[in-house]
Amino acid sequence: GEESLTELLARCKPARRPGEYGPINNMEPSQIRPCTSISAFDMLGENVEVTDIATISVTASAEVVLLAQRRGPVYQLDVLTEGDRAHWDVLVPPSRTLRGHSCLNPTMFCDVSCVALVSTGFWVVDR
């Protein structure tokens with residue numbers, strides 16, 4: 001059956017700020033709670049295959065998500081910073097489209113398989 005609004009809110013309740021803890025040497029695995037789903041068409045305006053997703057906090061309040069499209073560009077989506085959906089929803093459409101698709105043009109991506117964000121930028125593994 002379909003999930004009621006009460007059940008959805010109970011499952012997707014934002015995490016509370018944890019207490020103060022000392023060094024943690026081991027952490028049990030946890031499951032990510034899928035609070036909502038959105039298709040690539042709704043985010044990017046076309047039906048594409050996403051090969052990788054990466055996220056990073058740019059500042060204390062700003063986060064970005066990079067989506068790598070198979071045989072296409074890498075998209076930058078900005079994460080909402082305020083409101084009820086802050087820190088778990090993105091602004092649509094993407095704020096930037098990085099490069100495009102061409103296996104003959106060395107300034108474009110051919111077939112991105114992985115994207116990784118680092119503090120100074122990002123790495124893309126391309127074919």
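A charge counts as sitting over a ring if NZ of Lys or CZ of Arg is within 6 Å of the ring centre and within 35 degrees of the ring normal. R99 meets that test, lying over the face of F109 at 5.1 Å from the ring centre. Ring-on-ring pairs are another story: the structure holds zero aromatic pairs, taking a pair to be rings of Phe, Tyr and Trp (its six-membered ring) with centres within 6.5 Å, called stacked for planes under 30 degrees apart, edge-to-face over 60 and tilted for the rest. This is a predicted model, in which local features need pLDDT of at least 70 and side-chain atom pairs count only at pLDDT 80 or more, while totals for chains, interfaces and linings use all residues. Residues are numbered from 1 along each chain as its sequence is written, and side-chain values use heavy atoms, with hydrogens and water left out.

Helices (H or I, at least four residues) and strands (E, at least two) are DSSP runs, numbered from the N terminus. β2 covers residues 63-69, and seven of its seven residues are buried, so the strand is largely enclosed by the rest of the structure. Here buried means under 20% relative accessible area, exposed over 50% and partly exposed in between, with a 1.4 Å probe and protein chains only. In a regular strand the side chains alternate between the two faces of the sheet. In β2, E63, V65, L67 and Q69 point one way and V64, L66 and A68 the other way, all of them buried.

On to the partners of β2, where two strands pair if DSSP finds at least two bridges between them. Strand β1 (residues 50-57) runs antiparallel to β2 and is joined to it by seven bridges, with S57 standing opposite E63. Five residues separate β1 and β2 in their hairpin. Strand β3 (residues 74-78) is also antiparallel to β2, through five bridges, and Y75 in β3 is the bridge partner of L67. The hairpin of β2 and β3 has four residues between the strands, and there R71 takes a positive phi near 50°.

Y75 and L67 turn up again in the largest nonpolar core, whose ten residues are A40, M43, L44, V48, V65, L67, Y75, L77, V79 and V90. Such a core is a set of buried Ala, Val, Leu, Ile, Met, Phe, Trp, Tyr and Cys residues joined through side-chain atoms within 4.5 Å. Two or more residues come from each of α2 (40-44), β2 and β3, and α2 gives the most, with three. Apart from this core lies another, of nine residues, among them A54, V74, F109 and V115. With contact meaning heavy atoms within 4.5 Å, and neighbours within four places in sequence left aside, Y75 touches residues including L44, E46, P94 and R96.

Then there are the cysteines. The structure holds one disulfide, defined as a pair of cysteine sulfur atoms within 2.5 Å. C103 and C110 form it, with their sulfur atoms 1.8 Å apart, and the link is right-handed, at 75° about the S-S bond. C103 counts as partly exposed because its relative accessibility is 44%, whereas C110 is buried at 7%. C114 has 31% relative accessibility and so is partly exposed.

D111 sits in the loop between β4 (96-98) and β5 (112-118). With a relative accessible area of 14%, D111 is buried. Beyond residues up to four places away in sequence, D111 touches R70, R71, V125, D126 and R127.
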